[in-house]
Amino acid sequence: MKKLLNGAILLVVLATIAIAGFLIYARFHDGPLEFVSGGPFRSGEPAATPESWDFVADYNTIEFQTMAPPRSRTVWLGVHDDRLFIVSGYMNSGIGAVWKQWPYYLEEDDRIILRINGRLYEQRLQRITSGPDIIPVLNEFNRKYGVGEVTSTDPVTSGNTWMFEVLPRRSD
């Protein structure tokens, strides 16, 4: 019995070391590793903001990097009226409090870099909390990923879902 317990403890320690090693590796990786945040982008070709984001309308995910801290992640996207939107759901939940830190980073520095097809787009994110775009944008997300038609702005206005529009950087 003692051998079995020692073996289980060893297995847990090795698994913990492996997971910690992977997470450290991810922080230095060129971009995210699927749903695990990665390091800053080191590859890609600079590109100008497109007139329309329709070319990514049917993409399932895109990569983006916050500037402070310089971390990258993969997110879902929606395109409405040629404009690009991303959302962060579950913001009022326990899992959101642990898993969804990037929206809070934007309160200090809204600049981001999108990496799409190896091209880097220097942009910024503007949070949307009200207005006529909420329902059509949520419906676009639901068309791609969700459960059905949205008839209420409540997910966004309640703060459970944070919606952002991707915009060109300001020239200061």
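R170 is exposed, with a relative accessible area of 52%; here buried means under 20% relative accessible area, exposed over 50%, and partly exposed in between (1.4 Å probe, protein chains only). This is a predicted model, in which local features need pLDDT of at least 70 and side-chain atom pairs count only at pLDDT 80 or more, whereas totals for chains, interfaces and linings use all residues. Residues are numbered from 1 along each chain as its sequence is written, and side-chain values use heavy atoms, with hydrogens and water left out.

## Salt bridges

R170 forms a salt bridge with D110, at 3.6 Å from N to O. The term denotes a side-chain nitrogen of Lys or Arg within 4 Å of a carboxyl oxygen of Asp or Glu, and the count by this rule is nine salt bridges. Helices (H or I, at least four residues) and strands (E, at least two) are DSSP runs, numbered from the N terminus.

The partners R170 and D110 are 60 residues apart: R170 belongs to the segment after strand 8 (162-168), and D110 to the loop between helix 3 (102-105) and strand 6 (111-116). In contrast to the exposed R170, D110 counts as buried because its relative accessibility is 19%.

R169 makes a salt bridge with E122. E122 lies in strand 7 (residues 119-128) and R169 in the segment after strand 8, so this pair ties together parts that are 47 residues apart in sequence. Both E122, at 49% relative accessibility, and R169, at 23%, are partly exposed.

A further salt bridge joins D58 to R143. D58 is in the loop between strand 1 (45-47) and strand 2 (62-66), while R143 is in helix 4 (residues 134-145); the two are 85 residues apart. D58 is exposed, at 62% relative accessibility. Shared partners connect D58, E140 and R143 into one network of salt bridges.

| Salt bridge | N to O distance |
|---|---|
| D58 and R143 | 3.3 Å |
| E122 and R169 | 3.4 Å |
| R170 and D110 | 3.6 Å |

## Helix 4

Helix 4 has twelve residues, and the distance from its first C-alpha to its last is 16 Å, close to the 16 Å expected at 1.5 Å a residue. The expected span is 1.5 Å times one less than the number of residues.

The buried residues of helix 4 are I134, V137, L138, E140, F141 and K144. They lie on the same side of helix 4, because they cover an arc of only 150° around the axis; the arc is that of the directions from the helix axis to the C-beta atoms. An α-helix has 3.6 residues a turn, so residues three or four places apart point the same way. The elements covering the buried residues of helix 4 include strand 4 (78-80), strand 5 (83-88), strand 7, helix 5 and strand 8, where contact means heavy atoms within 4.5 Å.

## Aromatic rings

The structure holds nine aromatic pairs. Rings of Phe, Tyr and Trp (its six-membered ring) pair if their centres lie within 6.5 Å; planes under 30 degrees apart count as stacked, over 60 as edge-to-face and the rest as tilted.

W53 and Y121 have ring centres 5.4 Å apart and planes at 65°, so the pair is edge-to-face. W53 is in the loop between strand 1 and strand 2, and Y121 is in strand 7, 68 residues apart.

Elsewhere, ring pairs link F64, W102, Y104, W162 and F164 into a cluster. A charge sits over a ring if NZ of Lys or CZ of Arg is within 6 Å of the ring centre and within 35 degrees of the ring normal. The charged end of R73 sits over the ring of F64, 5.5 Å from its centre, and R127 lies over the face of W162, 3.8 Å from the ring centre.

T66 is located in strand 2 and is buried, at 1% relative accessible area. Leaving aside residues up to four places away in sequence, T66 touches R71, R73, W102, Y105, L106 and R111. The C-alpha atoms of T66 and L114 are separated by 9.2 Å, although the two residues are 48 residues apart along the chain.

T161 occupies the loop between helix 5 (154-157) and strand 8. T161 is likewise buried, at 11% relative accessibility. With residues up to four places away in sequence not counted, T161 touches V87, S88, G89, P155 and V156.
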